[in-house]
Amino acid sequence: MGGLHDRVAWAWPVLLLLLLQLAGASHVVYENQLLETEAAAATVPPSIVDAELSSGYHFRPPKNWINDPNAPMYYKGWYHLFYQYNPKGAVWGSIVWAHSVSRDLINWVALKTAIEPSIKSDMYGCWSGSATILPDGTPVIMYTGIDRPDSNYEVQNIAYPRNKSDPLLQDWVKPGHNPIIVPEGGINATQFRDPTTAWYADGHWRMLVGSLSGASRGVAYVYRSRDFKRWTRARKPLHSAPTGMWECPDFYPVTVGGQQHGLDTSVMSSPKIKHVLKNSLDLRRYDYYTVGTYDRITERYVPDDPSGDKRHLRYDYGNFYASKTFYDPVKRRRILWGWANESDTAVDDVAKGWAGIQAIPRKVWLDSSGKQLMQWPVEELEALRGKRPVILKDMLIKQGEHVEVTGLQTAQADVEVSFELPSLDLESAEALDPALADDAEKLCSVRGAGVEGGVGPFGLWVLASSKLEERTAVFFRVFKAAGRGKPVVLMCSDPTKSSLNPNLYQPTFAGFVDTDIAKGKISLRTLIDRSVIESFGAGGRTCILSRVYPSLAIGKNAHLHVFNNGKTDIKVSGLTAWEMKKPLMNGA
Ligand SMILES: *[C@@H]1O[C@H](CO)[C@@H](O)[C@H](O)[C@H]1NC(C)=O
Ligand SMILES: *[C@@H]1O[C@H](CO)[C@@H](O)[C@H](O)[C@H]1NC(C)=O
Ligand SMILES: *[C@H]1O[C@@H](CO)[C@H](O)[C@@H](O)[C@@H]1NC(C)=O
């Protein structure tokens with residue numbers, strides 16, 4: 001509830017405390033004060049507060065700020081999601097662990113706050129952490145606490161359910177032996193957080209804590225325990241790289257060979273596994289991972305690709321941070337949660353009363369190449385699809401043409417499209433500028449959707465206004481590259497025309513797609529949810545989530561088109577678009 005009046009009542013103090021954006025700062029306390037108050041608030045464009053820009057089927061609470069997903073798990077018939085939450089407003093601050101449960105990962109019911117400051121070692125902050133299910137079935141949460149005012153001195157704490165028979169795990173107890181880990185032995189105490197799910201091997205539990213060593217080395221420290229109470233740091237970290245602080249590490253086994261089933265975090269011994277190490281780079285504010293080998297004797301991890309720490313594979317080439325996976329024993333899959341922040345201003349967030357969503361939970365598995373992960377929205381999402389999809393088949397889209405997809409509302413839709421390149425003449429593809437060959441984002445920002453190409457750009461215009469003044473392009477573009485065996489495929493989300501509103505952050509997001517386009521086919525799935533555009537290229541090889549805030553293309557005025565701005569004809573061999581229903585969403 002809360003009309004404009006309630007909002008205004010607390011808006012001013014909140015504005016004064018503000019924030020951030022240097023780093024969106026899931027963890028860093030900003031004491032800077034924002035001085036533009038009334039003037040800034042007066043510039044909030046009317047569409048920003050339009051309820052029809054509030055996401056519907058992406059996870060969020062009815063109001064206020066959220067960031068990192070915490071301790072996702074399955075327990076006695078329920079999926080649990082905890083998350084960093086500010087109960088007092090739509091900007092970062094006063095963080096507690098909010099808690100929701102679901103039977104299907106799509107319909108969510110909010111429960112009471114699970115973890116909030118209450119003991120000496122978390123009195124000034126309850127930050128991110130993870131869950132581990134012990135062999136007797138007990139779930140345990142480990143999380144970072146701030147134990148003193150005026151300094152982000154970080155320690156690690158533990159909490160147990162008060163009543164293990166309660167499938168909703170509503171009450172959490174912090175035992176007297178907290179904190180379980182303090183930053184000793186030269187660890188930088190203000191850069192020491194986000195314990196992972198623990199894994200068990202050879203009589204020991206292990207888990208990681210993210211950190212920074214020296215000025216710029218990101219580190220994942222290994223801690224070991226026999227009893228889950230006393231934890232000792234291993235002499236050497238699991239891994240490190242010169243990337244700046246590692247937040248929210250995640251470390252898990254994946255099956256080799258292209259099978260999609262997931263593995264429990266403690267599965268170690270099969271020769272047919274690899275490990276994935278993901279870190280959220282505080283400096284860049286994106287999630288990066290490598291695939292490699294974990295040696296449980298030396299307690300070290302080595303990426304398969306020696307330049308992997310620099311090559312920068314990302315879960316998502318858009319807005320996606322502080323992610324965390326968990327193993328779902330029911331459907332034997334590993335599921336990835338990640339936070340997507342807003343792309344408007346903090347003043348806008350205060351005006352609209354909420355900020356932040358979680359991306360649709362994604363199944364993740366190792367591609368048969370062994371080189372990268374694949375991701376796909378959990379199948380449960382399909383239950384939200386309307387009964388009568390719009391289906392198009394075998395539609396040729398010539399140079400410079402676009403075709404509108406009509407017959408459904410497209411402000412909240414799930415669109416799957418398969419493209420064919422019938423007369424694929426790769427000679428007509430643009431040559432790849434070697435200077436940009438490793439920089440997808442830059443490549444896309446100089447060769448955006450409006451720049452005519454050879455093969456592509458082709459794809460979707462989503463959240464388009466009737467006269468196309470507003471539209472977000474999600475598309476592919478093909479390049480020929482001297483010295484490479486196959487053409488280079490770029491996937492982009494170009495939001496530069498997404499809104500007539502000024503002052504929005506409209507970054508072009510892009511990633512390369514490791515696919516053999518010479519076979520003449522590529523697919524795209526895009527989930528549209530009012531101010532969220534979440535896309536999966538080539539079956540989940542490359543993913544991009546963007547936040548956009550149209551001023552015209554809202555509600556019934558949002559349109560969807562397929563476009564081709566290349567010289568080569570493109571065939572849409574199939575397109576299916578479903579309207580999306582609204583799930584139970586924490587009472588929102
Ligand atoms: C524990 O949870 C179960 C299941 O919800 C409930 O029946 C029982 O009363 C609870 N016990 C206590 C002590 O609260
Ligand atoms: C810890 O890291 C922060 C951020 O890089 C740095 O400013 C600070 O000097 C470091 N502290 C120590 C004791 O190295
Ligand atoms: C999300 O917001 C944008 C715009 O303010 C920032 O540039 C990003 O750094 C921020 N992302 C995260 C993960 O904090």
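This is a predicted model: local features need pLDDT of at least 70, side-chain atom pairs count only at pLDDT 80 or more; totals for chains, interfaces and linings use all residues.

Residues are numbered from 1 along each chain as its sequence is written, chains are lettered from A and ligands numbered from 1 in the order in which they are written, and side-chain values use heavy atoms, with hydrogens and water left out.

The domain assignment, automatic or from a database, gives domain 1 (4-376) and domain 2 (385-579). Their C-alpha centres lie 30 Å apart. Contact, meaning heavy atoms within 4.5 Å, joins 38 residues of domain 1 to 35 residues of domain 2.

How much area do the two domains bury between them? The answer is about 3100 Å², 52% of it on carbon and sulfur atoms; this is the accessible area (1.4 Å probe) lost on being put together, summed over both parts. In domain 1, Tyr317, Ser343 and Trp376 lose the most area to domain 2, together 23% of what that side buries.

Across this interface the rule finds 5 salt bridges, each a side-chain nitrogen of Lys or Arg within 4 Å of a carboxyl oxygen of Asp or Glu. Glu441 and Arg314 also form a salt bridge, at 3.8 Å from N to O.

Finally, the hairpin. Strands (E, DSSP runs of at least two residues) E20, residues 321-328, and E21, residues 333-340, are antiparallel, with 6 bridges; pairing requires at least two DSSP bridges. Tyr321 has Trp339 as its bridge partner. Between the strands are 4 residues, and Arg332 takes a positive phi near 45°.
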